[in-house]
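Have a look at the model first, then we'll go through it piece by piece.

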Amino acid sequence: MKITVFGATGGVGREVVRQALAAGHEVTAVVRDPARLEVSAQDRLRVAVVADLTDGSALLPVLAGQDAVVSALGSASNKHARLHPVTGPALRSVVAAMERAGVGRLTAVSAAPLGPEAEGDGLLLRKVGYPLLRWALRDLYADLGVMEAVIAASGVRWTVVRPPRLLNRPGAGRYRRALDANVPGGRVIARADVATALLDTLSDPSTAGHALGVAA
């Protein structure tokens, strides 16, 4: 499969690139700074520098001839999201360019707080923990909410992957999942396992048109 990865220099994005290459896919890693990719050069890896992800004309060359797109884009902090939303504006341009280029499959990382509360979560978490988190990171989640709305309204076959808190630890190689729901008791997940989930959805037609909750 030929896959274009946006957000390829982030924690999840680098794992997507590594795992996709290890699985034998051809990868186009879209970056602003190639030095941050931290993935060894090889024949099946193409690094494309795109400074502005809202520039549709710059996106078409990295999408031409591709089979799928993985978006690992995200804001680094609440302050960043407030000053300069990233995912919503970028994905609006990405899905438009995908439709023009004839690329039909997209999977994108979002966040568990955008999903419904999971059955079995305690009253304190539902009434205090989650509301506080959504308030503290409201601008970040607003940006992700715009992204999800843009994707859902597009003409591509899409899946949104919603993880809880991300950890920098080795991946377990497995994860729990819930279609159109959050995983009960799902508090954390390794970035490497989120990358695995993003790639898994590309070949899983049952996830197309759905949000997928994932957790360790």
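This is a predicted model: local features need pLDDT of at least 70, side-chain atom pairs count only at pLDDT 80 or more; totals for chains, interfaces and linings use all residues.

Helices (H or I, at least four residues) and strands (E, at least two) are DSSP runs, numbered from the N terminus.

Residues are numbered from 1 along each chain as its sequence is written, and side-chain values use heavy atoms, with hydrogens and water left out.

**The overall picture**

- The protein chain has seven helices and ten strands.
- Of its 216 residues, 49% count as buried, where buried means under 20% relative accessible area, exposed over 50%, and partly exposed in between (1.4 Å probe, protein chains only).
- The accessible surface of the chain comes to about 10,000 Å², with 54% of that belonging to carbon and sulfur atoms; the areas come from the Shrake-Rupley method with a 1.4 Å probe, and for residues only the protein chains shown count as cover.
- Take contacts (heavy atoms within 4.5 Å) between residues at least 6 apart in sequence: 69% of them join residues at least 24 apart.
- Back on H6, the buried residues are Leu140, Tyr141, Asp143, Leu144, Met147, Glu148, Val150 and Ile151.

**The sheet**

- Eight strands make an open sheet in the order E3-E2-E1-E4-E5-E6-E10-E8, with mixed pairing.
- At the edges sit strand E3 (45–49) and strand E8 (176–179), each pairing on one side only.
- On average, neighbouring strands of this sheet are turned by 20° against each other, direction ignored.
- Helix H2 (residues 56–63) packs on the sheet and touches E1, E2, E3 and strand E4 (68–71), its direction making about 145° with that of E1; axes are lines fitted to C-alpha atoms, for helices over the stretch in contact, and angles run from 0 to 180 degrees between N-to-C directions.

**Who pairs with whom**

- Strands of a sheet pair through backbone hydrogen bonds, either parallel or antiparallel; here two strands count as paired if DSSP finds at least two bridges between them.
- Strand E1 (residues 2–6) and strand E2 (residues 26–31) pair in the parallel sense over five bridges, with Lys2 opposite Glu26 in E2.
- E1 also pairs with E4, in the parallel sense over four bridges, and Phe6 stands opposite Ser71 in E4.
- E4 runs parallel to strand E5 (residues 105–109), joined by four bridges; Val69 has Leu106 as its bridge partner in E5.
- Strand E6 (residues 157–162) runs parallel to E10, again with four bridges, and Val160 stands opposite Ala211 in E10.
- E8 and E10 run antiparallel, joined by four bridges, and the bridge partner of Arg177 in E10 is Val214.

**Buried spots in the strands**

- Strand E10 (residues 210–215) is largely enclosed by the rest of the structure, because five of its six residues are buried.
- In E4, Ala68 and Val70 point one way while Val69 and Ser71 point the other, and all are buried.
- Thr4 lies in strand E1 and, at 0% relative accessibility, counts as buried.
- Not counting residues up to four places away in sequence, Thr4 touches several residues, including Thr28, Val30, Val62 and Val70.
- Leu45, found in strand E3, is buried with a relative accessible area of 13%.
- Leu45 and Glu26 are 19 residues apart in sequence and 6.2 Å apart in space, C-alpha to C-alpha.

**Positive phi outside glycine**

- Glu38, in the loop between E2 and E3, has a phi near 60° and counts as exposed at 54% relative accessibility.
- Asp180 has a phi near 55°; this residue sits in the loop between E8 and strand E9 (188–190) and is partly exposed at 40% relative accessibility.
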